[in-house]
Number of protein chains: 2
Amino acid sequence: MANDNDRPAVGVHPTGDMLNAHLLAMLQGWSAYGYELVQRLNEAGFGEYNKGSVYRALRQLEQTGLVDSIWDTSTAGPARRMYQLTQAGILFLENWLALLDMHRALIGQFIDAAAPLQGAPTRAADRERRGRGDGSR
Amino acid sequence: MANDNDRPAVGVHPTGDMLNAHLLAMLQGWSAYGYELVQRLNEAGFGEYNKGSVYRALRQLEQTGLVDSIWDTSTAGPARRMYQLTQAGILFLENWLALLDMHRALIGQFIDAAAPLQGAPTRAADRERRGRGDGSR
DNA sequence: ACACCTAGGTGCAATATGCATATAGCTAGC
DNA sequence: GCTAGCTATATGCATATTGCACCTAGGTGT
């Protein structure tokens with residue numbers, strides 16, 4: 001059953017709200033640019049981040065107003081688009097964090113309780129548990 | 001700036017791994033069917049779940065082997081496809097939970113620390129902070 | 001017959017995503 | 001000067017996901 005290879009890949013390529021949250025998280029307290037963010041996130045071990053998706057996500061976050069950017073030409077090499085959080089971005093992160101905690105609570109409520117479900121639930125037990133046992137019809 | 005109306009909607013329509021995790025979470029300890037899950041999730045206040053997406057997600061979770069299903073014709077009304085977690089599904093949830101905790105740690109590391117970033121970071125401070133202050137070229 | 005509720009499912013346009021590729025600044029070697 | 005290679009951003013395109021509207025079908029009440 002499900003070894004490490006065919007086990008469904010969870011969060012291999014962070015996308016959507018997850019990706020946004022990670023990008024914003026990396027911008028907390030300082031600014032950074034796309035290329036740097038891709039590298040730091042890939043090194044962080046949360047998954048393999050796609051360059052194209054990251055660049056597009058950053059532009060979209062800027063359009064949404066969660067970050068803003070300026071060109072940085074002070075260093076050698078190609079110009080860097082430096083992003084920093086806006087107030088809206090900070091609020092977004094706070095919202096996201098609250099949601100994440102709710103999610104964790106929902107998901108962890110049984111697993112944390114010493115997982116009494118190892119044998120998989122019986123369907124008969126379900127009906128009793130929720131008091132719908134009107135199998136008589 | 002950014003009132004409750006134009007604030008970017010975070011997690012309004014849970015999708016992807018998030019949706020999968022929520023569905024699996026609702027199946028912990030008992031079985032349930034799609035229609036019921038949509039209702040319970042929508043009442044839970046985590047967002048507005050899309051019927052079509054939920055049904056498709058459930059079928060896909062079954063294909064992946066995280067849940068399995070049987071038809072339940074014991075109750076009145078249309079038959080219900082009852083889902084229950086598989087062992088792989090339980091493992092998935094445990095993995096997801098671990099990832100979620102890492103995410104939370106990443107995202108919350110600065111916000112939790114009394115948010116000293118209310119004024120938004122200065123870009124000059126960044127360079128000093130990361131010791132790249134070679135503005136002289 | 002008809003309206004209405006439950007329950008699952010599908011078609012399709014719009015959006016999001018992964019991968020490959022393009023553009024461009026700069027450095028090192030010859 | 002020319003080429004190769006690294007940094008840095010961006011886009012084209014085929015595929016995958018998603019939201020919404022709609023469909024099928026069983027059952028109940030009038």
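**Exercise 1. State how exposed Asp101(A) is, and find its salt-bridge partner.**

Step 1. In this predicted model, Asp101(A) has a relative accessible area of 34% and is therefore partly exposed.

Step 2. The partner is Arg104(B), with N and O 2.7 Å apart in the salt bridge.

Step 3. Asp101(A) sits in helix H4 (residues 87-111) of chain A and Arg104(B) in helix H4 (residues 87-111) of chain B, so this pair joins two chains.

Step 4. Arg104(B) has a relative accessible area of 23%, which means that Arg104(B) is also partly exposed.

**Exercise 2. Describe the salt bridge between Glu36(A) and Arg40(A), then its counterpart residues in chain B.**

Step 1. In chain A, the closest N and O atoms of Glu36(A) and Arg40(A) are 4.0 Å apart.

Step 2. Both residues belong to helix H2 of chain A; because they are four residues apart, about one helical turn separates them.

Step 3. Compare each accessibility with the 20% limit for a buried residue. Glu36(A), at 7%, is buried, while Arg40(A), at 22%, is partly exposed.

Step 4. In chain B, Glu36(B) and Arg40(B) form a salt bridge with an N to O distance of 4.0 Å. They lie four residues apart in helix H2 (residues 34-44), about one turn of the helix.

Step 5. Glu36(B) is buried at 7%, and Arg40(B) is partly exposed at 23%.

Step 6. For the whole structure, the search gives five salt bridges over all chains.

**Exercise 3. Work out which parts of the protein surround DNA strand D and which side chains make polar contacts with the strand.**

Step 1. There are 21 residues around DNA strand D; those that come nearest are Tyr35(A), Arg59(A), Arg80(A), Arg81(A) and Ser53(B).

Step 2. Sort the residues by class: seven are nonpolar, eight polar and six charged.

Step 3. Assign them to elements. Helix H2 (34-44), helix H3 (51-64) and strand E3 (80-85) of chain A, and helix H3 (51-64) of chain B, each supply at least two residues. H3(A) gives the most, five residues.

Step 4. Look at the DNA side.

Step 5. List polar contacts. A side-chain N or O atom of Tyr33(A) is 3.2 Å from a phosphate oxygen. Base oxygens are approached by polar side-chain atoms of Lys51(A), at 3.3 Å, and of Arg56(A), at 3.4 Å.

Conventions. Residues numbered from 1 in each chain as written. Chains lettered and ligands numbered in written order. Predicted model: local features only at pLDDT ≥ 70, side-chain atom pairs only at ≥ 80, totals over all residues. Heavy atoms only, no water. Near = heavy atom within 4 Å. Polar contact = N/O pair within 3.5 Å; in protein donor to acceptor, adjacent residues only side chain to side chain. Nonpolar A, V, L, I, M, F, W, Y, C, P; charged D, E, K, R; others polar. Salt bridge = Lys/Arg side-chain N within 4 Å of Asp/Glu carboxyl O. Buried < 20%, exposed > 50% of the residue type's maximum accessible area, 1.4 Å probe, protein only.
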